[in-house]
2 protein chains.
Amino acid sequence: MYRSKTCGELSIRDINQEVTLAGWVQTVRKFGAITFVDLRDRYGITQLLFGENLNTLLDEQPLGREFVLQIKGLVQERSNKNPNLSTGDIEIQVTAFTILNKSAVPPFTIQDDTDGGDDLRMKYRYLDLRRNAVKRNIELRYAVNRSARNYLHEHQFMDIETPFLIKSTPEGARDFVVPSRMNPGQFYALPQSPQTFKQLLMVSGYDRYYQIVKCFRDEDLRADRQPEFTQIDCEMSFVEQEDILHMFEGLVKRIFKDVRNIDYTETITRMTWEDAMWQYGNDKPDIRFGMQIANLKSAFRKGGALLAQGELINGAGFGVFDNAETVLAIAAPGCSEYTRKQTDELTEWVKRPQIGMQGLVYIKCNTDGSFKSSVDKFYAEDKLKAIAEAAGAKAGDLVLILAGREERTRKATSELRLEMGRRLGLRREDEFKLLWVLDFPLFEYAEEENRWVARHHPFTSPKPDHIEVMINNNPVIENADLYLEHPYAHIKANAYDMVLNGNEIGGGSIRIYQRELQEKMFAALGMSPEEALHKFGFLLGAFEYGAPPHGGIAFGFDRLCAILGGSESIRDFIAFPKNNSGRDVMLDAPSSIDDKQFTELQIKLDLQ
Amino acid sequence: MYRSKTCGELSIRDINQEVTLAGWVQTVRKFGAITFVDLRDRYGITQLLFGENLNTLLDEQPLGREFVLQIKGLVQERSNKNPNLSTGDIEIQVTAFTILNKSAVPPFTIQDDTDGGDDLRMKYRYLDLRRNAVKRNIELRYAVNRSARNYLHEHQFMDIETPFLIKSTPEGARDFVVPSRMNPGQFYALPQSPQTFKQLLMVSGYDRYYQIVKCFRDEDLRADRQPEFTQIDCEMSFVEQEDILHMFEGLVKRIFKDVRNIDYTETITRMTWEDAMWQYGNDKPDIRFGMQIANLKSAFRKGGALLAQGELINGAGFGVFDNAETVLAIAAPGCSEYTRKQTDELTEWVKRPQIGMQGLVYIKCNTDGSFKSSVDKFYAEDKLKAIAEAAGAKAGDLVLILAGREERTRKATSELRLEMGRRLGLRREDEFKLLWVLDFPLFEYAEEENRWVARHHPFTSPKPDHIEVMINNNPVIENADLYLEHPYAHIKANAYDMVLNGNEIGGGSIRIYQRELQEKMFAALGMSPEEALHKFGFLLGAFEYGAPPHGGIAFGFDRLCAILGGSESIRDFIAFPKNNSGRDVMLDAPSSIDDKQFTELQIKLDLQ
């Protein structure tokens, strides 16, 4: 061993001990005949003191930043203590040193506030990983990993590895494929998730399965997506939805405790998908703050009905509202005194292409009880007051109203709500609010193909009392305009998402475990019986031999870590991430391959 | 929850408790008006008693093998106790039951001694996994996983995930490659191991890394190889070989204790590679038994010298020995009374193509002190006695002698030794003998290309006192016939293998961490500087910025589990293995892919 102690463990108790340390030179400070060096390793920083006797040697072998240094020396008390450092009470009087390796000057500083840009840091990721800011993330990731494994182990879950070279059955996302040399003309696929395997394990009786496992999706990468990502993947047999919610609330609470020392004792809020959409405009609401949406007029069907017809706003001669499919409002607390400049800026914000609205209507609920609006012309003060009240505004608030097509307007209002929450400091990084979103629709309508697609995946079960509806109706949509009238539009899934601070961190469902129902599901998605057999014959087969009721959940491990670490970016929590073109710029991958490889695989390029 | 208890936990203490169980019907036995059912789940088997009152219901809904059944009932003491079952003292008086799912008749019996052949069991792997014999293996695998993680965690190792979509740099084995849709014409490779990444993590200062991780090699599958396999992959900084040996002896001993309750307290034997080859004929000797090889004549260089010139056997007029490059002997204990039939059978055994020898010479060391040999004609009794003594034979032993070309003869003698060990019951499944094999050659000579290849991999460091030899000599082999005279032939690697009962379960090395030495290594392997930069520029770059001394090891997780489970076959310890053509017969993968996938990936088939 090149060291007897690490750079993070020595304290006043170790005075006069002779130690050997090894690490990286963080800083070198010369004061006349003596030299101070901060030596860094994974565990901390220890100050080294090179006395006069080592002057000549140091001149012959000057130390530079990031040199790898081994020293022998005596622990002594520091005259100038540093209370911010765990080792700040001591320093090492160096008696001998060896430069184990030199370092070129790094392309950016190895500090929390580095001068390196994103591209440079990715290219030299091995140096970026030295920075404390990144190291903390990687350590947090391991802590989450460890905590999850411990909890699941204590609850009889077994880590069972499922294969990576599987069969391509694209449903939704694209598969990455792998040509098979031994089976020319054939390809493996990399798993988008171990979904069918974990279900087979339930059929096999393994009862409680988990894996922290890489998954792969060949999707166009939006910001903060990675072609390979990690899931905490779990499945249980003989359970109903309530059992799963209970078990995995426990998991997340345990992780909070182990990783952030947070006692999350409060009951986790539950919300139906319809309520989430209605009150927050999306299916993963950030409930750290209120500012719920008031549906002044809406085409969204809640419980199958149209609940807001625009009574408060229609017929005032304001065409924007009169002609809109949907008019939604939120009340931004304490913003009634926004200046013209500020409301203009907000208007520009909602008109950006990412949001895509035509404009923004506001009502200032002044603290003196008066109301002032950008649509004063159309609405008298009592009307404004009524709208503001509907939006839940109090004196001092600013009501913000968006109008337009249902889907876009709801999305825009949700975005505006989140933006106002951010601006008003209501989305605190150190506050964690969990939420279960329940009762998702089982199907979504795919307009281009005039057919149903699975909202979650084809293995999700309908709610028990919706199974009959599914079985007894023909999935074909005769009249595309009336797809909402089709019984399938109202089937709810036995599915659940766990949401943390406005991010979906996990999602799952109770699965189908009867062959006929699974076949019906494949048919509902437009799959022919032959196609279903070709793609999922093994699963349909398995359901013939005593499949137990089962369900599960998968957590997005990268995102969970990011949120726990107070970051929006999953990349910061992945040791070697890829960029938005799916490239690893450090490796320079992907890359061309040899002719020999093409020949062996019996494939060739077919560039367009 | 569909159950209040599992089928493995009820005992006499639970009498009169009302319970709900769910599981699979193992057997149904009708005795007049009452019916006994064995109900099975992951945890065990519980006997159910259906009384007369349920007769009608049972007639209406008959129970079949592997049906999924939920019952309510009362725990009661059994009249006819079964001491072989943890639940054998009790049974459940069923009060109500629900068939949760039916089962077709399984294609083979779900029992330890199943009637299903290998192919059938692989096709219905989800049923095979229900068998106790397989379940025990999967459970053992998880226990090894858990034990390894605990040990490594306690020793400050961090699980850090490395990427699966990397760059193709074939060195030795073939890469599996993955076409990149977003980077047309380019390919990712699946990692053969996380080797370079774990080294980068050491450069980054992470100090102690581990991962239990899937690796991929596109090799022709010999028996018991899988295209995807799992490693316990570890790396440490600031260590020398001795530190690694110490740390990972601890790991394996811990696994022995946790998984098999074995206290492996004895010192782990260490052996140089040369001694292993000399005494056992291969580099992973099974040291559960002796029967060491006597080198009567050998072209193998030990310490650079030819140590056995055939003094005992040459010049007796026996051409087979006179003309052989190598003559090796072992003494099979207690076999002196083998019949002619038995020695003939052994002769046939060594003549099989897998062994490939021309014949077998034997000397019977009779218990009366006389010697009898198949070459009596050439060797007088005192000569036979001398040879037998050289082979370490005692009275009652049978000396077996093989002669021929060095490499084949040594391999054959090793195989014969293992075979005799097996036949004589000296290789006990419940005995575990660990061994470190050390001081491997750094290079192997590749005849076809007249160049050096890395015996371990190109990142392995030479022994410290051989570094100068490597740096100061030109790797080019001027005269192929004299390659053994080249200084590189005698460079030893700072590498080590851990061997368990004749199987390599782990291997590793101290790594190169200096850019110049790494460049020299790439050059020694015939790589041009441009090629080295293209393939491993990131690693050479990393070595410029303060790379610490480091080393590591990787354990073959599948094989380790197999040996601990007393099996030769890793397939039995993988939940969803592939067959010898790399196929998953359950999934029917690999398979063809859609035209759309080809178009998107911009590749096409080029079948020969």
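**Figure 1. Domain layout of chain A in the predicted model.** The domain assignment divides chain A into domain 1 (12-101), domain 2 (133-267 + 555-576), domain 3 (289-427) and domain 4 (441-492 + 519-546). Taken over C-alpha atoms, the centres of domain 1 of chain A and domain 4 of chain A are 68 Å apart.

**Figure 2. The largest cavity and its lining.** Eight cavities of 30 Å³ or more are counted in the structure, and the largest has a volume of about 260 Å³. Its lining comprises 18 residues, with A:Ile212, A:Val213, B:Ile212, B:Val213 and B:Lys214 nearest the centre. Two or more lining residues come from each of helix H4 (132-154) and strand S9 (208-216) of chain A, and likewise from helix H4 (132-154) and strand S9 (208-216) of chain B. By class, the lining of the largest cavity holds eight charged, six nonpolar and four polar residues.

**Figure 3. The second largest cavity.** S10(A) supplies the largest share, three residues. The lining of the second largest cavity contains eight nonpolar, seven charged and three polar residues.

**Figure 4. Aromatic pairs in chain A.** Over all chains, the structure holds 61 aromatic pairs. The ring centres of A:Phe31 and A:Phe36 lie 5.8 Å apart with the planes at 70°, and the pair is therefore edge-to-face. A:Phe36 has a relative accessible area of 15% and is buried. A:Tyr445 and A:Tyr483, in contrast, form a stacked pair, at 3.9 Å centre to centre and with 10° between the planes. A:Tyr445 belongs to strand S20 (residues 443-446) of chain A, whereas A:Tyr483 lies in the loop between helix H12 (467-471) and strand S22 (495-500) of chain A, so the pair ties together parts that are 38 residues apart in sequence. A:Tyr445 is buried at 18% relative accessible area, while A:Tyr483 is partly exposed at 26%. Both tyrosines belong to a cluster in which ring pairs link A:Phe443, A:Tyr445, A:Trp452, A:Tyr483 and A:Tyr488.

**Figure 5. Arginine over phenylalanine in chains A and B.** In chain A, A:Arg417 is placed over the face of A:Phe289, 4.0 Å from the ring centre. In chain B, the charged end of B:Arg417 sits over the ring of B:Phe289, at 3.9 Å from its centre.

How values were computed: Residues are numbered from 1 along each chain as its sequence is written. Chains are lettered from A and ligands numbered from 1 in the order in which they are written. This is a predicted model: local features need pLDDT of at least 70, side-chain atom pairs count only at pLDDT 80 or more; totals for chains, interfaces and linings use all residues. Side-chain values use heavy atoms; hydrogens and water are left out. On a 1 Å grid over the protein atoms alone, a cavity is a set of points where a 1.4 Å probe fits but cannot get out, and a pocket is an open set with protein on both sides within 12 Å along at least five of seven lines; lining residues have an atom within 4 Å of a point. Grid points are joined across faces, edges and corners, and a volume is the space filled by probe spheres set on the points. Helices (H or I, at least four residues) and strands (E, at least two) are DSSP runs, numbered from the N terminus. Ala, Val, Leu, Ile, Met, Phe, Trp, Tyr, Cys and Pro count as nonpolar, Asp, Glu, Lys and Arg as charged, and the others, Gly among them, as polar. Domain bounds come from an automatic or database domain assignment. Rings of Phe, Tyr and Trp (its six-membered ring) pair if their centres lie within 6.5 Å; planes under 30 degrees apart count as stacked, over 60 as edge-to-face and the rest as tilted. Buried means under 20% relative accessible area, exposed over 50%, partly exposed in between (1.4 Å probe, protein chains only). A charge sits over a ring if NZ of Lys or CZ of Arg is within 6 Å of the ring centre and within 35 degrees of the ring normal.
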